[in-house]
Amino acid sequence: QVQLVESGGGLVQAGGSLRLSCAASGSTFRNYAMGWFRQAPGKERDFVAAISWSGVYTTYSGSAKGRFTISRDNAKNTMYLQMNSLKPEDTAVYYCTAGPRVAQYDYWGQGTQVTVSS
């Protein structure tokens, strides 16, 4: 079992930056691939970025590529999402997820709200 807690969300102006964190507990963090998803009001939950257990492999959605950077610190049991050049369409609840491999996720956090004003 893995417990995931997101933080770092908030209100930011378009063009600004935020760094989200996902703190994991309850199991061996480095055993899990991790990812970020987001869900805007009235829309489905969409993939944003993922990272392998070692951090060597990362992948991004088209909208995140070039603006967002996913990373992890296995010593701190924490994953991050650095978001730059934010746009109003990035407004959503951002969820942290973990699983045995990229694209296979078993655990989810409660989410953190990101609001980008124009």
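**Group meeting: the disulfide, the sheet and the core**

The torsion about the S-S bond of Cys22 and Cys96 is about -65 degrees, so this disulfide is left-handed. The two partners sit in distant parts of the chain, 74 residues apart. Cys22 is in strand S3, residues 18–25. Cys96 is in strand S9, residues 92–99. One caution before I go on: this is a predicted model.

Back to the bond. The S to S distance is 1.9 Å. How many disulfides does a search of the whole structure find? One. Are Cys22 and Cys96 buried or exposed? Both are buried.

Next, the sheet that holds S3. Four strands make an open sheet, and the order is S1-S3-S8-S7. The pairing is antiparallel. Which strands are at the edges? S1, residues 3–7, and S7; each of them pairs on one side only. From one strand to the next, the twist averages 15 degrees.

Look at S3 and S8 in that sheet. They pair in the antiparallel sense over six bridges. For a landmark, find Ser21: it stands opposite Tyr80 in S8.

Now the core. The largest nonpolar core has 29 residues. Which ones have the most contacts inside it? Leu4, Met34, Trp36, Met79, Leu81, Met83 and Tyr94. Several strands supply at least two residues each. Among them are S3, S7, S8 and S9, as well as S4 at 33–39 and S11 at 112–117.

Take Leu4 from that list. Leave out residues up to four places away in sequence, and Leu4 still touches both Cys22 and Cys96. Its other contacts include Met34, Ala98, Tyr107 and Trp108.

Asn77 is one. Its phi is positive, about 55 degrees, although Asn77 is not a glycine. Where is Asn77 placed? In the loop between S7, residues 68–73, and S8, residues 78–83. Its relative accessibility is 27%, so Asn77 counts as partly exposed.

Ala103 is the other. Here phi is near 80 degrees, again a positive value in a residue other than glycine. Ala103 lies in the loop between S9 and S10, and S10 covers 107–108. Is Ala103 buried or exposed? Exposed, because its relative accessibility is 66% and the cut-off for that class is over 50%.

To recap: one disulfide, a four-stranded open sheet, a core of 29 residues, and positive phi at Asn77 and Ala103.

Note on methods: Residues are numbered from 1 along each chain as its sequence is written. This is a predicted model: local features need pLDDT of at least 70, side-chain atom pairs count only at pLDDT 80 or more; totals for chains, interfaces and linings use all residues. Side-chain values use heavy atoms; hydrogens and water are left out. A disulfide is a pair of cysteine sulfur atoms within 2.5 Å. Buried means under 20% relative accessible area, exposed over 50%, partly exposed in between (1.4 Å probe, protein chains only). A nonpolar core is a set of buried Ala, Val, Leu, Ile, Met, Phe, Trp, Tyr and Cys residues joined through side-chain atoms within 4.5 Å. Contact means heavy atoms within 4.5 Å. Two strands pair if DSSP finds at least two bridges between them. Axes are lines fitted to C-alpha atoms, for helices over the stretch in contact, and angles run from 0 to 180 degrees between N-to-C directions.
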